[in-house]
Amino acid sequence: MSSSDLAACTSAATTGSDWETEPYNDQERVHWPVAGKHILAQFDDNSIVVYQAFCPAIADWAVKHQRFGGEAFSFARMSWIKTNFLWMMYRCGWASKPKQERVLAVRIRRDAFDEILSRAYTPGAQANAGLTKDGIEVRLQWDPDHAPDGEKVQRRAIQLGLKGETLRKYGTEWIVNIRDVTDFVHEQAKNANKKRLNLLVVARERVYPISNPKTASLIGLGS
């Protein structure tokens with residue numbers, strides 16, 4: 001990497017803010033597992049960041065009010081959150097897909113996220129617990145994680161579908177702050193699309209620890 005390229009990466013990265021970024025190569029080579037089910041996330045002692053992509057009307061209202069609501073957002077339908085920035089980029093096409101043009105980094109309370117995980121069921125876990133689809137408020141999916149160019153990797157990424165009272169609390173009570181990161185997404189999409197991984201900067205993420213063995217077993221962590 002040239003000195004100018006290094007400077008570009010350094011200036012694009014942030015630390016010590018409410019949303020941190022790091023060069024992709026540094027994280028992928030050193031900090032991220034190659035395979036298995038792991039929750040990659042940005043977190044501190046008290047909070048964790050999750051991502052959602054919305055149409056402008058929902059995103060504008062959420063950023064202005066620092067919670068979810070307004071005429072365009074429905075609490076009557078399931079809403080999916082993702083902890084993994086690159087998984088969100090794959091799903092929204094780096095903020096290019098219809099109704100996913102705006103990417104929000106939603107920081108929520110860590111104890112609330114742990115509560116969400118403790119209620120999260122895959123279809124198999126739901127059946128084993130003897131629960132109906134209507135009897136759960138958090139749907140869990142482990143999907144293939146993706147590289148910046150959209151190619152699948154062996155590691156699995158988590159996404160969580162929220163509904164009912166859990167969605168209401170997430171959207172109105174558990175939020176620490178909401179940040180629109182769309183401009184950053186568009187800028188880094190240029191590096192991803194041109195496969196300039198030496199310049200690519202993404203959200204700073206590490207493996208999220210689960211201390212409750214019951215929750216870890218319920219969600220199939222690490223398997």
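**Exercise 1. Find which element gives the largest share of the lining of the largest cavity.**

Solution. 
- Start with the definition. On a 1 Å grid over the protein atoms alone, a cavity is a set of points where a 1.4 Å probe fits but cannot get out, and lining residues have an atom within 4 Å of a point.
- Search the whole structure of this predicted model. One cavity of 30 Å³ or more turns up.
- Its volume is about 30 Å³, taken as the space filled by probe spheres set on the points, with grid points joined across faces, edges and corners.
- List the lining: D18, W19, V49, A105, V106, R107, N177 and R179.
- Assign elements. Strands are DSSP runs of E with at least two residues, and helices are runs of H or I with at least four, numbered from the N terminus. β6 (102-109) and β10 (175-180) each supply at least two lining residues.

The model is predicted: local features need pLDDT of at least 70, side-chain atom pairs count only at pLDDT 80 or more, and totals for chains, interfaces and linings use all residues. Residues are numbered from 1 along each chain as its sequence is written, and side-chain values use heavy atoms, with hydrogens and water left out.

**Exercise 2. Describe the largest pocket and its lining.**

Solution. 
- A pocket is an open set with protein on both sides within 12 Å along at least five of seven lines.
- The largest pocket has a volume of about 590 Å³.
- It is lined by 19 residues; A53, F54, R77, M78 and K99 are the closest to its centre.
- β4 (47-54), β5 (79-82) and α4 each give two or more lining residues.
- Sort by type: 10 nonpolar, five polar and four charged. Ala, Val, Leu, Ile, Met, Phe, Trp, Tyr, Cys and Pro count as nonpolar, Asp, Glu, Lys and Arg as charged, and the others, Gly among them, as polar.

**Exercise 3. Decide why helix α4 is largely enclosed by the rest of the structure.**

Solution. 
- Buried means under 20% relative accessible area (1.4 Å probe, protein chains only).
- In α4, the buried residues are F85, L86, W87, M88, M89 and C92.
- That is six of the eight residues in 85-92, so the helix is largely enclosed.
- Check the ends. At the start, a side-chain oxygen of N84 comes within 2.9 Å of the backbone nitrogen of L86. Just after α4, G93 has a positive phi of about 65°.

Definitions and conventions
Buried < 20%, exposed > 50% of the residue type's maximum accessible area, 1.4 Å probe, protein only. Polar contact = N/O pair within 3.5 Å; in protein donor to acceptor, adjacent residues only side chain to side chain.
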